[in-house]
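I opened this notebook to record what I looked up about aromatic rings and nonpolar cores. My entries follow in the order of my searches.

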Amino acid sequence: MYRIWRFIIAVFYFGVPAWLFAQKTDVMKWLPEKFDAYHISDRLDYKGEALYDYINGGAELYLSYGLAGMTGCKYNGDGLPQVTVEIYEMTSPANAFGVYTQSRDREECEYGQGSQRSGDFLLFWKDRYYVIITTEKATPESSKALLHIASAADKAITGKGRRPAIVDALPKKNIVPGGYLYFHHYVWLNAYLFIADYNIVNISDETDAVLAKYGDAEARCYLLMIDYPDMIAATTALEQLKKEFAPEASPCKRPELRLEDGTWFTTWTRGKRLCAIFEGQSPEQMNDLYHSIE
């Protein structure tokens, strides 16, 4: 894992994108200055390299999805656990959704267009925004503040955005709830399903990609789908994947190959879309998933 994160940091080391200095969100002005015994004690407003210091090594995640700005605040009260609000404005709803899929592990619809709540944190996405609210310790007071602030932020974001179309194309049968990731930087494929230490399928800002888990823990497989700008790009990626990942794959349209570790692999294209199934437990499992893809 250390090697993977060192690789991630190296990818993003050279330069801070210009859109990092874009105009900040105004959601903050709708948050309460006070709530019960809580009050705003500090305001957060980070840009440029200062964001690296604040997030402490996690800035690459937001930069890879197109960060337009980050703002927020901290709530404190006498003897109460601190509550922190972070509002990330991304360059598009799709990117806000993508960051959200990196953080949640189950699907809830309590806030925004998708959320997850636990004892000491709450996160949601809506329109171009990804919101994280955390507390140092879950108490009745901090939990109440958490929900009140989340409701205020949700109401302040009046717009809504569409999920990427490729996500809606995922087969619903046997998918792990909350078990999919949307991205358009190859580093996240290699971090979550390591198949190569380079961009083996030519993922870029011009592609949409989704990686989803299917089956229970004892029979887990992964479906990768990528939309390219054109059919030529999809075909080029397909041939490269077969050549570099599974050179023994037959030249037929959809080879089914058993790998050395006993799992099954297959890949194919449909128009501008590349699909691949990794770590299949049987040819029957792969065929069932293949025929469920529209």
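**Aromatic pairs**

I searched the whole structure, which is a predicted model, and the search found 12 aromatic pairs. I then examined the pair of Trp268 and Tyr290, whose geometry is edge-to-face, with 4.7 Å centre to centre and 75 degrees between the planes. An angle over 60 degrees counts as edge-to-face, so this pair falls under that heading.

I next asked which elements hold these two residues. Trp268 belongs to strand E12 (residues 264-270) and Tyr290 to helix H9 (residues 283-291), so the pair ties together parts that are 22 residues apart in sequence.

**Charges over rings and a cluster**

I found the charged end of Arg270 over the ring of Tyr290, 4.9 Å from its centre. I also found Arg104 over the face of Tyr180, at 4.6 Å from the ring centre. Tyr180 is part of one aromatic cluster with Phe97, Tyr100, Trp125 and Tyr182.

**Nonpolar cores**

I recorded 69 residues in the largest nonpolar core; Tyr62, Tyr88, Phe183, Leu189, Val201 and Phe278 touch the most other members. Strand E10 (residues 221-227) supplies the largest share of this core, 6 residues.

I listed the contacts of Val201, leaving out residues up to four places away in sequence: Leu189, Ile226, Tyr228, Ala237, Gln240 and Leu241. Apart from this core I located another, of 26 residues, including Tyr75, Ile133, Ala152 and Ile157.

How values were computed: Residues numbered from 1 in each chain as written. Predicted model: local features only at pLDDT ≥ 70, side-chain atom pairs only at ≥ 80, totals over all residues. Heavy atoms only, no water. Phe/Tyr/Trp six-rings, centres within 6.5 Å; stacked < 30°, edge-to-face > 60°. Helix = DSSP H or I, 4+ residues; strand = E, 2+ residues; numbered from the N terminus. Lys NZ or Arg CZ within 6 Å of the ring centre and 35° of its normal. Core = buried A, V, L, I, M, F, W, Y, C linked by side-chain atoms within 4.5 Å. Buried < 20%, exposed > 50% of the residue type's maximum accessible area, 1.4 Å probe, protein only. Contact = heavy atoms within 4.5 Å.
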